[in-house]
Amino acid sequence: DDPKIVITEAFCMNQCKRGPNLRILQQSHSDNDSDNDSDSRSVTKVLVFSPEFMNDTERQRKTFQSVSNEERVRSIFELVKTYQHQQQQLQF
């Protein structure tokens, strides 16, 4: 299965005044080591990007802050699309 990227709103966490805030999640399936093929687990990890894209506070809290205009949303969306494309290339 291809990993699924989910963009979700992050609430408070001492960030209310810096919102709206977004968190990028990657959901994938991890097979268990057992011989049972149906035994796979859903794994979710929070994606954190380089300092070029996230400041220190955002990286520490694993959340994009101040996503308050279309330009900021578009840049995050493009970042996620690029990340997905790179992950797909690694699978081949």
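Helices (H or I, at least four residues) and strands (E, at least two) are DSSP runs, numbered from the N terminus. The model is predicted: local features need pLDDT of at least 70, side-chain atom pairs count only at pLDDT 80 or more, and totals for chains, interfaces and linings use all residues. Residues are numbered from 1 along each chain as its sequence is written, and side-chain values use heavy atoms, with hydrogens and water left out.

Start at K62, in the loop between α1 (56-61) and α2 (70-91). Its phi is near 55 degrees, a positive value in a residue other than glycine. Most residues other than glycine have a negative phi. K62 counts as partly exposed because its relative accessibility is 39%; buried means under 20% relative accessible area, exposed over 50%, and partly exposed in between (1.4 Å probe, protein chains only).

Next select S66, found in the loop between α1 and α2. Phi of S66 is also positive, near 55 degrees. At 37% relative accessibility, S66 counts as partly exposed.

Now select I5, L22, I24, L47, F49, M54, F64, V67, I76, L79, V80 and Y83, the 12 residues of the largest nonpolar core. Such a core is a set of buried Ala, Val, Leu, Ile, Met, Phe, Trp, Tyr and Cys residues joined through side-chain atoms within 4.5 Å. Two or more core residues come from each of β2 (21-31) and α2, and α2 gives the largest share, four residues.

Finish at I24. Leaving aside residues up to four places away in sequence, I24 touches I5, V6, I7, K45, V46, L47, F49, F64, I76 and V80, where contact means heavy atoms within 4.5 Å.
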